Amino acid sequence: MLALDRVGVRYGGVNALRDVSLELQPGSVLGLIGPNGAGKTTLVNATTGLAPLASGTVTLDGARLDGLPPHRIARAGIARTYQNIRLFGALDVRGNLAAGAFSRRERLADNEIATLLERAGIAHVAPTAQARSLPYGDQRRLEIARALAARPNVVMLDEPAAGMNPSETGRLVDTIRAIAASGVAMLLIEHDMTLVRAACDRVVVLNFGQVIARGTPAEIARDPVVVEAYLGTGAESPA
Ligand SMILES: Nc1ncnc2c1ncn2[C@@H]1O[C@H](COP(=O)(O)OP(=O)(O)OP(=O)(O)O)[C@@H](O)[C@H]1O
């Protein structure tokens, strides 16, 4: 289990995160929602060693992760994707997956490459295809495959459906649920409430760096505090 306990992150005078506690359980998907600038990406950065903690702790099965460099945290079994795709565009699919497996310090076998592509929902993609030549939705999924290449216990997806059309987004739900079902603890940052409702077991809502609500997707959708801070003000409808 991954646990954040009273985590605080400061950027100058900004409390990007304040007193945030949450847990990710194997086999389960936790949704993380909130308005732009609420601190969602910062939470992933704090977990993966990219944003230093001002307070609190991050532990994986009881072992402290905060303070470790990003590569050590990756080796401990935490993988992520990025809000803006960060593939090695000039490399082929195999090269990108090998980069994801780097923390394991072993070669990536051909059959494992096939399995990773299948788990990410892009079994049709050739390992020799150049990453930047892939359609956008496939690039997003290649990022997921690269995260899985590390054989992680925890996967954090930062807006994986951004730029996808509705049918691609629908298929993404199956991919996410299948990864969780394999025993991975997952965090899903997402603005699309349809996807959140379909993919997440529980949801945490951030606003100005603080948790303002937590519960099942149905509970969150009818929470007046959430509707006021987030759902009612944007394009998303809580209905
Ligand atoms: N490297 C940084 N330096 C300074 N301030 C930062 C940095 N990263 C984030 N912030 C600030 O911290 C706050 C939280 O930002 P963060 O990107 O985590 O929000 P978010 O919820 O992921 O937003 P979005 O939905 O737009 O991605 C914002 O006020 C942001 O401006």
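Which residues does V20 touch, not counting residues up to four places away in sequence? Select V20 and you will find L4, V7, L43 and V211 as its contacts, leaving out residues up to four places away in sequence. Two residues are in contact here if their C-beta atoms, placed from the backbone, lie within 7 Å.

Before going on, a word on what is on your screen. This is a predicted model, in which local features need pLDDT of at least 70 and side-chain atom pairs count only at pLDDT 80 or more, while totals for chains, interfaces and linings use all residues. Residues are numbered from 1 along each chain as its sequence is written.

**Stop 1**

Strands (E, at least two residues) and helices (H or I, at least four residues) are DSSP runs, numbered from the N terminus. V20 counts as buried because it has 23 C-beta neighbours inside 10 Å. The cut-offs are 20 or more other C-beta atoms within 10 Å of a residue's own for buried, 12 or fewer for exposed, and partly exposed in between, with C-beta atoms placed from the backbone.

Now pick N15, also placed in strand β2. N15 has 15 C-beta neighbours inside 10 Å, so it counts as partly exposed. Its contacts include G8, R10 and G209, again setting aside residues up to four places away in sequence. If you like distances, draw one from the C-alpha atom of N15 to that of R171: the two are 156 residues apart along the chain and separated by 36 Å. For V20 and A218, 198 residues apart along the chain, the C-alpha separation is 22 Å.

**Stop 2: the four-stranded sheet**

Show β2 with its neighbours. The order in this open sheet of four strands is β2-β1-β4-β5, and the pairing is antiparallel. Two strands pair if DSSP finds at least two bridges between them. At the edges are β2 (14–24) and β5 (63–64), each pairing on one side only.

Colour β1 (residues 2–11) next: seven bridges join it to β2, and the two run antiparallel. Along this pair, L2 stands opposite L24, and L4 stands opposite L22. In the hairpin of β1 and β2, two residues lie between the strands, and G12 takes a positive phi near 60°. β1 also pairs with β4 in the antiparallel sense, over five bridges; there, L4 has V58 as its bridge partner.

**Stop 3: around the ligand**

Select Y11, V14, A16, G34, N36, G37, A38, G39, K40, T41, T42 and Q83: these are the residues around the ligand, each with its C-beta atom, placed from the backbone, within 6 Å of the molecule. β2 and α1 are the elements that give two or more residues to this shell. The largest share, three residues, comes from α1. By type, the shell holds four nonpolar, seven polar and one charged residue. In this count Ala, Val, Leu, Ile, Met, Phe, Trp, Tyr, Cys and Pro are nonpolar, Asp, Glu, Lys and Arg are charged, and the others, Gly among them, are polar.

**Stop 4: the six-stranded sheet**

Here six strands make an open sheet with mixed pairing, in the order β6-β7-β8-β3-β9-β10. The edge strands, each pairing on one side only, are β6 (78–80) and β10 (210–215). From one strand to the next, the twist averages 20°. Helix α6 (residues 166–181) packs on the sheet, where it touches β3 (29–33), β7 (154–158) and β8 (185–189), and its direction makes about 155° with that of β8.

Zoom in on β9 (residues 202–207). Four bridges join β3 to β9, and this pair runs parallel; five bridges join β9 to β10, and that pair runs antiparallel. V205 in β9 is the bridge partner of I33, and its partner in β10 is A213. Further along, N207 stands opposite Q210. Two residues lie between β9 and β10 in their hairpin, where F208 takes a positive phi near 45°.

**Stop 5: helix α3**

Finish at α3 (residues 93–100), where V93, N96, L97 and G100 are buried. They are on the same side of α3 because they cover an arc of only 95° around the axis, taken from the directions from the helix axis to the C-beta atoms. Show α4 (110–119) and α5 (136–148) too: the buried residues of α3 pack against them.

Methods: Axes fitted to C-alpha atoms, helices over the stretch in contact; angles between N-to-C directions.
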